[in-house]
Structures are given as C-alpha cells and as structure tokens.
Amino acid sequence: MKTKTLQILIALFFTGILTAQTITGKVADNLDVIPFANVILKDNQQKIITGATTKNDGTFELKTNQGNYILEISILGYKTFSKTINIKGNLNLGTIILRENAQALNEIVVKTEKRILERKIDRLVFNVEKSIAATGGNGVDVLRITPGVQLQNNTLSILGKGATQILINGRLSPLAGDELVAFLSGLSASDIVKIEVITNPPAKYDASGNGGLINIILKKGTQNSWKNATTISYIQNKYNFTTVTNNFFYNKNKVSLSASINANKGYFENLEGIVIEYPTNLWDIDIAGKQQTDQLSDAFYWIMPCLRRQL
C-alpha cells in the first residue's frame, strides 16, 4: 500500500514539473495598448516554440514548459522587442513598452476609410492595399509583417497552430514549401488586396485546415482587360542569385484568371550557429556553407461566378 502511495506521489510530482507554464503580459507604447502584435517564444537555437498575437486590450498569453527562452515582440511601426527569460513557473511580464520606428510612423496612422487591420470573429484581416507594405516588395515580404503569421524553414504557419493551409482567392493552393515561397516571391506586394489569417476555419476545411488557413486575396484587375508583368532581379552579395518572374492577369466579363511562372538560380550563404553551455566551459560552433538553389514553379488560378465560394 505504501509503495502504491509513493508511486502516485512521484507521478503527481513529475506531472507538475511537465505541466505547461503560463506566460502573460501586456504590450503598449507611451500612449495606448497595442493590439495585433506578434509575440513569439524561441529557444536558444532561434527555433520558434510557440506564439500568439495580442488581443484588443494589448494582452497576450503563452503556454510552454520550463526552461530558458527568447521572447520577441514585433509589429509594423515599432522596433522589435527581445528579452531572454527563464521559465520556472507561471510568469507575468507586466506591461512591455515598444518604441516607435521613426522610418515607419506613417504606417500606424490610419487615414483611410478601411482599417489596415481588422479583427473578426474567426479571422484577422490585413488590408495590404491600405498599407505602406504595398509599396515595393513581394508577397513573402508582406507575409513576414502580417500579424499572426510566421515563416520558418520555408513553411508558412499561424502562430500557435499546427500545419497551416494556404489559399489563393479562397481556393486551396497545391504549392507548398520552396515552391510556394518561390511563387509568393514572384508576386508584387501591390497585387495583393488583403491577407486573411483564419484561426477557426469553416467546417468544409476542417479535414485539411485544422491548423488554420491563410487566405491571400489578389487583385482581379480592371474589367475587360489583361496585364502581364515580367521581372528579372540579380542579387550580388558573397554569392550571386538571379530570379525571373512572370505574372499574367486576365479579367473578361465575369471570368477572372491569373497565372504565374517563377524561376531562380544561383547560390546563397547558409550560416548556422550552435552554443552549448557546460558547467566548466562553453562550446560555440559557427558553420558557414554555400547552398545552391535551382527552382522552377508555376501556378494557375481562375474564377467563374458559379465556382466562387465565400469563406
């Protein structure tokens, strides 16, 4: 009997240790709270462990196991906040003040009829065409600053969710990984109307999108018109990298069509760093490598009235 009691006590002890701890806090500037900010928790190897976006009142809540982490908070218009924290139990970080980024002050001043960010019941809407993000850059650049979205190892996902499905104009994209990133890199930011970060997908997507959905809405173009844009870029740093993209948009009567071909070739530098701490010494490894990329991808989307489906 005593043995069984001891086993139960040991099990309860280890369960308490392994139970996820709660990290809470509030994000604000010198004037008011900041909603829609990305709050990310990373390990010492810069791998994202978990994340969330701040609520309308600027508060956030994360759950993780005990250990050492790096907390990062970012949002367009402010400098990224970074702090190393040690989690031993539930932790309240209080109010974290972000500093404005002088180069992006115009972004946080809403002068248009439609807000740049809108929070709805099941999704967060980033109106790209109302944002300074639509000036220059490509689709990947826009997604990097979209609240609640993370890009890691060429995989797009929603903070705090599992595998995330990507939609283009409401239709599931067949592309993933490097091919999806290549396609988005070929899109001009000015061709994107808005990005919907859907945390609670409709029932029809439950089987494939239980980790959330990212819906990228592209411009349909002027009625009864077509447009073709070809871009060639060459980047020379330590190694060279060439990208060729071609985007075609067609809009006739009630039929909308878009097609894209993307190709890139060249090399880029891959840097890795590992730091392992021992009781008596430190092991610091830095690895620099040359990685080749040689990709070709294409995507084709078309919409007719009878096939349009609203999310």
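This is a predicted model: local features need pLDDT of at least 70, side-chain atom pairs count only at pLDDT 80 or more; totals for chains, interfaces and linings use all residues.
Modeller: Residues are numbered from 1 along each chain as its sequence is written, and side-chain values use heavy atoms, with hydrogens and water left out.

Colleague: Why is Gly-211 called buried?

Modeller: Buried means under 20% relative accessible area, exposed means over 50%, and partly exposed is in between (1.4 Å probe, protein chains only). Gly-211 has 3%, so it counts as buried. You'll find Gly-211 in the loop between α4 (206–209) and β15 (213–218); helices (H or I, at least four residues) and strands (E, at least two) are DSSP runs, numbered from the N terminus.

Colleague: What makes a group of residues a nonpolar core?

Modeller: They have to be buried Ala, Val, Leu, Ile, Met, Phe, Trp, Tyr and Cys residues, joined through side-chain atoms within 4.5 Å. The largest one here has 46 residues, and Leu-71, Leu-184, Ile-214 and Ile-216 have the most contacts inside it. Helix α3 (residues 177–185) gives the most to this core, with 4 residues.

Colleague: What is Ile-216 in contact with?

Modeller: Contact means heavy atoms within 4.5 Å. Leaving aside neighbours within four places in sequence, the partners of Ile-216 include Leu-143, Ile-166 and Leu-184.

Colleague: How do you know that β12 and β15 pair?

Modeller: Two strands pair if DSSP finds at least two bridges between them. Strand β12 (residues 165–168) and β15 have 4 bridges, in the parallel sense, so they pass. On the β13 side, Ile-168 stands opposite Arg-171, and 2 bridges join β12 to β13, which run antiparallel.

Colleague: Why are β8 and β13 said to stand at the edges?

Modeller: The open sheet has 6 strands in the order β8-β9-β14-β15-β12-β13, with mixed pairing. β8 (117–119) and β13 (171–172) each have a single partner strand, so one side of each is left without a neighbour in the sheet.

Colleague: What makes you say the charged end of Lys-290 sits over the ring of Tyr-267?

Modeller: The rule asks for NZ of Lys or CZ of Arg within 6 Å of the ring centre and within 35 degrees of the ring normal. The charged end of Lys-290 is 4.3 Å from the centre of the Tyr-267 ring, and the pair is listed as sitting over it.
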